[in-house]
Amino acid sequence: MKQNFKKAGRHPKIDATAFRCSVNFTASEHSSLQTMHEQSGVESLSAFVKMRIFGKPFKVFVIDENTREFIDRLSSLNARYRTFAIDYDLVVKSLRENFNEKKAMKALYKLEQITIEMVKVNREIVALAKEFDARWLQKSL
């Protein structure tokens, strides 16, 4: 009777032809390799080296911090507009329910003037965003 005692230990690799290679770089070569790796955005250095050896193309995405901050602030501004619209509706509803017509119309006039100023500022923001887009963002051909 034969017994198989090889049930413990590490599982065998699926791809038995996987090999490991070692490459030595000078300091300047290593720094340029690290720079290319960071620009590529690939997580693994070994995957990046394989891409370069076998000629697979890689893309470099340059992220400008000012552009990112500009987009983040525009997004937060849009969120504020949504909350403003909700508050606007609540104010109009409470004015209609709690005040007489004369007082409600006076308050609504002030609210309307502030809204018109906000629309003007919004148009200026849109114009600046279009100018920023035309000037700084790279268009892919």
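**Exercise 1. Work out what share of the protein chain is buried, and what its surface is made of.**

*Step 1.* Buried residues make up 9% of the 141 residues in the protein chain, where buried means under 20% relative accessible area, with a 1.4 Å probe and protein chains only. Keep in mind that this is a predicted model, in which local features need pLDDT of at least 70, side-chain atom pairs count only at pLDDT 80 or more, and totals for chains, interfaces and linings use all residues. Residues are numbered from 1 along each chain as its sequence is written, and side-chain values use heavy atoms, with hydrogens and water left out.

*Step 2.* Now the surface: the chain exposes about 13500 Å² (Shrake-Rupley method, 1.4 Å probe). Carbon and sulfur atoms supply 58% of that area.

**Exercise 2. Find out which elements the chain has, and in what order.**

*Step 1.* Count them up: four helices and zero strands. Helices are DSSP runs of H or I with at least four residues, strands are runs of E with at least two, and both are numbered from the N terminus.

*Step 2.* Read from the N terminus on and you get α-α-α-α.

**Exercise 3. Decide whether H37 and S40 are buried or exposed, then trace their polar contacts.**

*Step 1.* Start with the place: H37 sits in helix α1, and S40 is in helix α1 too.

*Step 2.* Check the accessibility. H37 counts as buried because its relative accessibility is 12%. S40 is buried as well, at 9%.

*Step 3.* Look for polar contacts (pairs of N or O atoms within 3.5 Å; within protein, one must be able to donate a hydrogen and the other to accept it, and residues adjacent in sequence count only if both atoms are side-chain atoms). The H37 side chain reaches the backbone oxygen of V42 at 3.0 Å. The S40 side chain reaches the backbone oxygen of H37 at 2.8 Å and the backbone nitrogen of V42 at 3.3 Å.

*Step 4.* List the wider neighbours. Leaving out residues up to four places away in sequence, H37 touches V42, E43, S44, L45 and F48 (contact means heavy atoms within 4.5 Å).

**Exercise 4. Work out what share of the contacts between residues at least 6 apart in sequence join residues at least 24 apart.**

*Step 1.* Take the contacts in the protein chain between residues at least 6 apart in sequence.

*Step 2.* Pick out those that join residues at least 24 apart: they make up 30%.

Notes
Buried means under 20% relative accessible area, exposed over 50%, partly exposed in between (1.4 Å probe, protein chains only).
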